[in-house]
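Let's take a friendly walk through some strands and rings. Have the sequence and the 3D view ready as you read.

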Amino acid sequence: MANDKLQLDDKLLQAALGFVQNPADPLPAVLKAVAPEGPWDKLALRIGALPGQPGAAEIELPLLDEAAMVDRVSSAASAWQWSAGVQARAAVAIDLLAPEEAAALPAAPDGGHSVLAYSIHASLGGQLQGSVPISAWGQVGVGASGRRDVELRWYVQAPDDQRVVQALADAARRWALPFDLQALLRLAGDTDWRGMELALDGQAQIEWSAAAGRSVAGWTVGLDGSKAAIGLSVGVQAGGSFSRDSHFRLSALRERDPTRPADGAFGLRIKLHDEKLSTRSANFRLSATADFSAVTASAERALRAAWPALDSPLLDQLVQPGTAIAGQIQKLIDSHLDGDLAGLVSTLVGGTPPAGLREQLVGKLTSPLVDVLDRALGDIAAGRARVDRLVADWLARLLGPSASLTTVDDRITAAVNQALAQATEGLSGGIQKLETAITEAVGKPIDALLDRLGEFGLQLQKSLQALDGNPVSAAIADALDKYSTARDRLLAALGDAQKAKIDAALAIEQLSRHGSEAVVELWLRGGEMTPEAERLYHAICAGRLRALPELLAAGRTAGVVQDAKGWLLASAERTRTERVTLSFFGLAFESRTSLLSGLSLKADLITGNLLVATASASVETAISNPWKNRSARLGVAIAFERDEAGQGLVATSLDGAFTAQHEKSSRPVVQALLDNYCETVGAHRIDAAALLGAPPDSDKVASARFWRALTLAVPIALSAAEWRLFAGLDPALVRQTALQATLDAADRRYRHDSIISSTARGDLAQLAAEVLDRRKPTDADIGDYLALYPHAYINAFSAPDVAPRVGLQIAQVLGPLSRPTRRFLAFQRIAAVARAPSLLRELAAEAGRLLAAPDAGRDPVALRRQLEPLLLKMQQALSPVAVVSETWLAKGLAGADDEPIAWPFTCFLLTMARLVGRPIPPAFVPIAQVADGPPQPLLPTS
C-alpha cells in the first residue's frame, strides 16, 4: 500500500490479466485463494456489455464470510452460563453505474465512457449473553452485541470498449484514501476520476434483566368437595438497556468551481453527514397475585361427578383435547420458539429473551394454548374449529390487551394449526376407542362404562337412546357438543382463568434518546493542498465542527473554499410512565402517569446562529376501570425561529384537556359533572341531555348506549400571543391570582373532609400564624406559609420526616392513611397548585433567554444540556395540576356522588383564564361528541 492510495496486489492483478487472456487454463492459485468460485470470467467482458442495473453490482467477490457461535459455556468456579457469537464478512465489488446513477455525480462521464464504482465492504459483529440464578427464586441476565460496517467506494470512468480487468488495473492507481486530502486534491485534475465515498456504520447495545419471585400455596375447598390450592405469589422484575447507533458518510466528488460551472477549474465537492443516536431504557415491575384457577379447575371435576374413575385417560382425551396432548404441544412450541414464534416471543418479553429462560417461555406459551384447545371441545368435535379464532384467543390469554396490537403472521397461524391438528387427531382417537367399546358391548349393559364418564356419560346415554339408526360416532359427537355447552356455561359463571385471579402490579418504564446530526457541504479548490484547506478538511473529518466558522473564513481568504453550507441538529426525548394496575376477578383497574419531553435544536454551522428550535414538556394522568375512562393532560411548548430579517423570535404556548370517553354513565352522572364545572368557573348551568338530543331515560337500552358512546372533553389552550401577555404580567399579580383561585377551590374541595377543622383557608391561616408568627394572617401570609413546602413531591411514607418543617407533626406509627398524613399531603398539593403558574412562567422565560442568546447556536449539544433540566422542572410544576382523579376510581360508592373533574385541573384552568383575561365561556368550553358524530360545544362560544 502506498502512502496516498490503496493498491491492488500486483501478483493478483497479473494473475487476473493472464486468466482473462487464457480462460481455458486452470484458475491460478492466487485467484483461487481469493475466491475459488468467483466470477473471474466477467473480467474479460467489455464495459459496454455489462448490464448496468441500478442497485446491483455486476461483479462481487466475497473475501470472507465467517460465523462462529459458542453456546452455554459455564465453569465450575462460577454459576454464570454464557453464549457468544461472532460474524465477519468482507467483499469487493465492481458496479457499472446506470445512467440515472451516474447523473447524480457532479461531473458527467465523457462520451463513449461509463462510470464504474469500485467498492470494498467489510463488517464485523458479535454478541455475548450470560445468565445466573439468584438462589431458587430468580435469575439475572446480561447481554451485549455490536456491529461495525465500513465501505469505501471510488468512481472512475473508463471507455466502453475496454475490458473490465484493464479498467480495474487503471482504476486501482486512483484509489486515494478518504483522509488523504493531498491525494484527493491532485485527483481532482484527473480526467477519469470522479470521486470517493466512505460509509461507516456502527451499532452497540448492552442489556440487563433481573427477575425474582416467590410463590406459596394456600388451601380452600373446591366445588367438587376436594381441596384446591390457591396460588399466592410475589414477583419483581427489572431491566435496562443502552444502545448507540452511528452513521458517518464522507464523500469527495470531482466538480468544477461552482462560480464558473462551464469552464471553471476542477476541485472537490466535500459532503459530510454524521449522525449519532444514544438510547437508554429502564423498567421495573412489582407484582402480587392470588390465583383461584384451581377452584375453577375443580368445576371440571364436579362436572364429571367426582367418581373414582374421574381421572380416566380416555375421559381426558374426550373432553380435554388440549390437556390430553399437553406434552405434544410443549414439544411443538419448543421446536418453533426460535423460528416461527420468535416474533411473538420478542413481543411477550419486550425484546430479546434473556438467556436461560427457554423452559419458562415454553411453559408460558404452552399453558394458554392448552386452555384454548380445551375450551374449543365442541368446535373440534364438530369439525368447525377455526384457526384464526384459536390464534386470537391464544394471543388474548397470552398478551392481554396488547394482543390487539400484535401482527398475526402466517407462521403463528401455522403453528396453531399444527396444534389443532394434533388435538383433532387425539380427540378422534378417543372417539374411536369409545365407539369400539360401545359397539363391542352391543346387547350388554353399558352403564358401567358410561358411569366412568361422569356428566359426559349421562349426555352420551341420552344420545344413544335417540340414535334412530345413526352410527354410534354421531351419538358421541352429539354428547360431546352438549357436554361442551354445559361446561362452558359453568365455567362462564365461575369466570375464566383471568377472572380467577387477583393481580396487583406497579410498573415504571423510562426511555431517553439523545441524538445529533451534522451536515456539511463545501467546494475545495483542486491541485496542491494549502494549510487552510488541510485544517478545514481534517476538522470536518474529525467532527470538530464548532471551529468551522473560523476555518471557513481563513479558507475564503486563501481562495480555496466556495459554496459552504451546513447545519447541526441536537435532539432529546424522554418518556417516563408509571402504571398501577389491579385485576380483581376479571375487573380491571388502572392508573397511569406519563411524562414526556422533547427537544430539537438546529444551528447553522457556517454562521453559528441558532436556526430553529422546539422544546416541549407534558404530563398526562389517566384512569380506567369498569365505570370510568378518563385522562387529564397539560403541556408547555416553546418554539424558536428566525423571521425574514434574521431576528430570533421565541413563542411559548400551553395546551391540554380533561377527557372522559365511553364510560358506563347516565344522564344524571354526566349532568352532575357539567354542573360542578359550571359552578367552579362561574358559568350558567346547561341541560346536556336536551342539548345533545339524548333518548329519554325510560328507554333504558337506547339511553345506556347513547351515554356509553359519549366523549366529553374540557380543553385548555393558551396561544403564543396569550402566553406573551401572561409572561408580561407583574409576578406579584400572578402569585396573588393563583393563590386566590387555589384557596377558593380548596375550600370547596375539603369543606366536608375530616382532615379540615373549619375550612382549608382557615386551617392554613392558623398554621401561618403559628409557623410564621403572623397576627391575623391574610391570604398573602398563607402564600408565604405555603412557600415553605418543598417543590419536589413528598410521598406519604416520607411525610413524617418533612412535616415538622411546615409546623405539622406526624407520628411514624400512624401510617400513610392517617389523618395527619392526609392533611400534610392535601396542604402540599394546595401549595403546588398555587405555585404552578408562577413556576411555569419563570421556567419558560429562562428557556426563552437561553434560546435567544447571541451564542445559542455555537454548540447545540451544550444548549440541549442546559434546557433539559428546565423541561424536567416544568413537568414537576405540571404534575400536581394535571390530575385526572384523586380517588383512583372517580366512582361514587355506597350512594356517594361520582368524582367531578379534579379540582387542581379546574383551578389551574380558571387561574390562567383570569390572568389572560379570557372569561369562561367562551374560553375553555366543554365539548361533547357522541360516537362518530360532530363535536358540539356545551356552552356558548361567542
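## Rings in pairs

Phenylalanine 706 and tryptophan 707 are both buried (buried means under 20% relative accessible area, exposed over 50%, and partly exposed in between, with a 1.4 Å probe and protein chains only). This is a predicted model, in which local features need pLDDT of at least 70 and side-chain atom pairs count only at pLDDT 80 or more, while totals for chains, interfaces and linings use all residues. Residues are numbered from 1 along each chain as its sequence is written, and side-chain values use heavy atoms, leaving out hydrogens and water.

How many aromatic pairs does a search of the whole structure find? There are 9 (rings of Phe, Tyr and Trp, the last by its six-membered ring, pair if their centres lie within 6.5 Å; planes under 30 degrees apart count as stacked, over 60 as edge-to-face and the rest as tilted). Phenylalanine 589 and tryptophan 627 make a tilted pair, 6.0 Å centre to centre with 50° between the planes. Phenylalanine 589 is buried at 11% relative accessibility, whereas tryptophan 627 is partly exposed at 24%.

## A strand with two partners

Now look at strand E14, residues 710-718, where 7 of the 9 residues are buried (strands, E, are DSSP runs of at least two residues, numbered from the N terminus). Strand E13 runs antiparallel to E14, joined by 8 bridges (two strands pair if DSSP finds at least two bridges between them). Aspartate 655 has alanine 717 in E14 as its bridge partner.

E14 also pairs with strand E15 in the antiparallel sense, over 4 bridges. Here leucine 712 stands opposite alanine 928 in E15.
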